[in-house]
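Subject: Structure for your review

Dear colleague,

Please find below the structure that I am handing over to you. My notes on what was found in it follow directly after.

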Amino acid sequence: MDKKENKYGNVNDGEKHNDYAENEHNNFRADANEAIQDISTKKNEQQGVIIIDDDDGSDSAEQDGESDGENECQLSRKKARLELDPAATEQSSTVIEETAAEKNRIRIVSWNINGLTDNPSLLLPRIRAMIDLVAKLNVDVVLLQEVTPDIFKQLSDDMNSRGYFSCDEPPNMPPPSHSIMEMLGLKMSDISSASLDTITPHYFTSMYVRKATIALLESNRDPFEDTVMMRDLASMDIRHSPTKQRIWIGNIHLESGQKASATRCSQLKASLKALDHHVIGLVAGDTNLRDSESNRVKKDFSKERIDESTAACIVDTWEALGSDSSTRYTWDMLVNDTLQMSGRTPRMRFDRCFSKNLSPVRFKLLGTERDPILGFISDHFGICVDFMLPNKKEKKK
């Protein structure tokens, strides 16, 4: 059989990756719909909740009608039919509830894309496979780690072509000392120089949002005070277009290695403090955390909260959804053979998401299937979390 070069730049059947993305999309849609229906059912069963309507709602039907291409006359006829048919009324009510629930959903992905791969020729094809997947899943916010300067522009262009735009530029930071460079095994030639006083790290984080659902309001980069690996907290304020709600998002890649435990914990605490300054938000990324470190930081942080009345608001989303063992390990050398560890097969939950005043409804790992040509998309599995935004008009008695 003749082989051809596919869109990923590899000799393989070009439809293979589309099939993979399609299967992931179908699984996501079925599970997400089930989760949303469960949330809607629970809300209907709750007592002591009043819906406070801030406006008269006169424009709601008009907007819905316009989106469906229906004029006022058609809406009137539909209303008359529903009034005559109780079964149709019940079915329509269910559809409206599900549509409202879907409108309040936001989906985020965090993924370390292994920009420092030992197989650089596979990096761009793997990134494009990742982009295909997040686009197929209609992800709203994409948080990436280990993006390199030489791939950043192509990555941003490819994301833009699929309906996403970049929310930040590569960071510029004061250069580390020569001793730190030696410790990291780096030379000045490994790092892009922006000026005599600042340099661009040889890898960094990057954030993207879906144009159709997210408006970017502001973005920032704040280097961690104690970093020796040029790590920072990248953040952005966004507006969720369907609900007009404002959300703060943080993207982190915390200090690596066992010897950096204290620094890593300090960086996590700084990230949670930044999150705590906002009403609604999340921080996610490659934390490099061990469970004992995360537990210690969360315990210490709960004693230092800005607002003690909301001490339970910030949660680890994987834990909040029941700590499913099948989605525990995001850096899993027992399954993922991208890296060779000299006979060792460590399994770690490095990639985490912490959220505040968001209701997580689904947590899934991405990139868990091995392509015969590309291998795994990264040495890390991506994490994909669905949240339900709080109803701004919901108020307890």
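**Aromatic pairs**

Over the whole structure, which is a predicted model, a search finds three aromatic pairs. One of them is formed by phenylalanine 152 and phenylalanine 204; it is edge-to-face, with 6.0 Å from centre to centre and 65° between the planes. This pair links distant parts of the chain, since phenylalanine 152 belongs to helix α6 (residues 149-161) and phenylalanine 204 to strand β7 (residues 204-210), 52 residues apart.

**Serine 156 in helix α6**

Helix α6 also contains serine 156. The relative accessible area of serine 156 is 12%, so this residue is buried. Setting aside neighbours within four places in sequence, serine 156 is in contact with Ser166 and Tyr208. Cysteine 167 lies eleven residues from serine 156 in sequence, and the C-alpha atoms of the two are 9.7 Å apart in space.

**The largest cavity**

The count of cavities of 30 Å³ or more comes to one. The largest cavity holds about 50 Å³ of space. Which residues line the largest cavity? They are Tyr203, Phe204, Thr205, Met229, Met230, Arg231, Asp232 and His253.

Helix α5 covers residues 123-136, and its end C-alpha atoms are 20 Å apart. Why does this agree with what should be found? At 1.5 Å a residue, the 14 residues of the helix should span 20 Å, so the two values agree.

Helix α5 is mostly covered, with eleven of its 14 residues buried. Among the buried residues are Leu123, Pro125, Arg126, Ile127, Met130 and Asp132. After α5 comes asparagine 138, whose phi is positive, near 55°.

Glycine 115 is found in the loop between β2 (105-112) and α5. This glycine is buried, because its relative accessible area of 13% falls under 20%. Apart from neighbours within four places in sequence, glycine 115 touches Leu123, Glu146 and Thr148, in the sense of being in contact with them. Leu123 is itself one of the buried residues of α5. Glycine 115 and valine 147 are 32 residues apart in sequence, yet 5.4 Å apart in space from C-alpha to C-alpha.

**Two further asparagines with positive phi**

Asparagine 288 lies in the loop between β11 (281-286) and α9 (291-302). Its phi is near 60°, a positive value in a residue other than glycine. Asparagine 288 is buried, with a relative accessible area of 7%.

Asparagine 357 sits in the loop between β15 (351-356) and β16 (359-366). Although asparagine 357 is not a glycine, its phi is positive, about 55°. With a relative accessible area of 32%, asparagine 357 is partly exposed.

With kind regards

Notes
Residues numbered from 1 in each chain as written. Predicted model: local features only at pLDDT ≥ 70, side-chain atom pairs only at ≥ 80, totals over all residues. Heavy atoms only, no water. 1 Å grid on protein atoms, 1.4 Å probe; cavity = no way out; pocket = protein on both sides within 12 Å on 5 of 7 lines; lining within 4 Å. Points joined across faces, edges and corners; volume = space filled by probe spheres on them. Helix = DSSP H or I, 4+ residues; strand = E, 2+ residues; numbered from the N terminus. Expected span 1.5 Å × (residues − 1). Buried < 20%, exposed > 50% of the residue type's maximum accessible area, 1.4 Å probe, protein only. Contact = heavy atoms within 4.5 Å. Phe/Tyr/Trp six-rings, centres within 6.5 Å; stacked < 30°, edge-to-face > 60°.
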